[in-house]
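Dear colleague,

Please find below the structure that I am handing over to you. My notes on it follow, and I would be grateful if you read them alongside the model.

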Amino acid sequence: MRFCKTAIDGVVTVELDAAEDERGFFARTYCDEEFARAGVAMQPRQMNVSHNFQALTLRGLHFQEAPHGESKLVQCIRGRVFDVVVDLRPASPSYRKWEGLELAPETRRLLFVPEGCAHGFLTLEDSSDLLYVMGHPFVAHAARGIRWNDPAFGIVWPYAPKIISSRDAGYPDVKL
């Protein structure tokens with residue numbers, strides 16, 4: 001595994017080293033020791049999958065309020081998505097910045113999202129699936145979100161969403 005920094009403090013991509021042969025490939029997606037050596041604090045506590053029927057479905061941008069903050073290790077296992085992270089940590093040098101990148105099985109890339117960052121994605125293909133390894137169990141009363149097009153962040157999405165939940169579309173503007 002190779003850990004690559006992004007423009008957001010603590011957000012890294014995890015590039016997989018795959019052993020390939022005529023059958024396909026095998027790659028490790030998580031290892032306590034390798035993550036610790038890379039300075040990535042992740043203790044898996046829960047796993048989730050997000051299946052999305054149609055392209056241009058937007059989910060997010062979600063986070064959990066402290067003390068239930070959750071780190072996430074996100075992998076696209078089918079289809080293709082534009083994945084976005086927004087830094088909501090006031091003490092962070094990248095506070096209010098966002099990072100967006102494409103995830104797809106072919107990229108053999110995962111995204112680590114630390115606590116205190118909002119996360120969401122836009123599907124770019126029908127039948128896109130994301131696998132999440134979570135560093136904290138879901139706590140419903142701590143669930144929060146920011147709107148995908150809040151001008152406070154200026155996220156540049158590759159396309160406008162066609163499908164979005166009323167909850168995700170209805171988050172108010174962030175007052176920063």
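**The largest pocket and its surroundings**

In this predicted model, strand E5 (46-52), strand E6 (57-64), strand E11 (117-123), strand E12 (128-134), strand E13 (143-145) and helix H2 (166-169) each contribute at least two residues to the lining of the largest pocket. Which of them gives the largest share of that lining? That is E6, with seven residues.

The space in the largest pocket comes to about 480 Å³. Its lining consists of 26 residues, and those closest to the centre are Arg 59, His 62, Lys 72, Tyr 132 and Arg 167.

**The open sheet**

E5 and E12, both named above as contributors to the pocket lining, also belong to an open sheet of six strands. The order in this sheet is E1-E2-E10-E7-E12-E5, with antiparallel pairing. Its edge strands are E1 and E5, each of which pairs on one side only. On average, and with direction ignored, neighbouring strands of the sheet are turned by 25° against each other.

In general, the strands of a sheet pair through backbone hydrogen bonds, in either a parallel or an antiparallel manner. Here, the antiparallel strands E5 and E12 are joined by seven bridges. Within E12, Met 134 is the residue that stands opposite Gln 46.

**Thr 6 and its contacts**

Where is Thr 6 found? Thr 6 sits in the loop between strand E1 (2-5) and strand E2 (12-15). A polar atom of the Thr 6 side chain lies 3.2 Å from the backbone nitrogen of Ile 8. The side chain of Thr 6 also reaches the backbone oxygen of Val 11, at 2.9 Å. If neighbours within four places in sequence are left aside, the residues in contact with Thr 6 are Val 11, Val 12, Thr 13 and Glu 99.

**Backbone features to note**

Two cis peptide bonds deserve a mention, together with one phi value.

- Gly 60 and Leu 61 are joined by a cis peptide bond with omega of about 15°. Leu 61 is part of strand E6, the element that supplies the largest share of the pocket lining.
- Ala 66 and Pro 67 are likewise joined by a cis peptide bond, and omega there is about 10°. Pro 67 lies in the loop between E6 and strand E7 (72-78).
- Arg 96, a residue other than glycine, has a positive phi, near 75°. Arg 96 belongs to the loop between strand E8 (81-87) and strand E9 (98-103).

With kind regards

Methods. Residues are numbered from 1 along each chain as its sequence is written. This is a predicted model: local features need pLDDT of at least 70, side-chain atom pairs count only at pLDDT 80 or more; totals for chains, interfaces and linings use all residues. Side-chain values use heavy atoms; hydrogens and water are left out. On a 1 Å grid over the protein atoms alone, a cavity is a set of points where a 1.4 Å probe fits but cannot get out, and a pocket is an open set with protein on both sides within 12 Å along at least five of seven lines; lining residues have an atom within 4 Å of a point. Grid points are joined across faces, edges and corners, and a volume is the space filled by probe spheres set on the points. Helices (H or I, at least four residues) and strands (E, at least two) are DSSP runs, numbered from the N terminus. A polar contact is a pair of N or O atoms within 3.5 Å; within protein, one must be able to donate a hydrogen and the other to accept it, and residues adjacent in sequence count only if both atoms are side-chain atoms. Contact means heavy atoms within 4.5 Å. Two strands pair if DSSP finds at least two bridges between them. Axes are lines fitted to C-alpha atoms, for helices over the stretch in contact, and angles run from 0 to 180 degrees between N-to-C directions.
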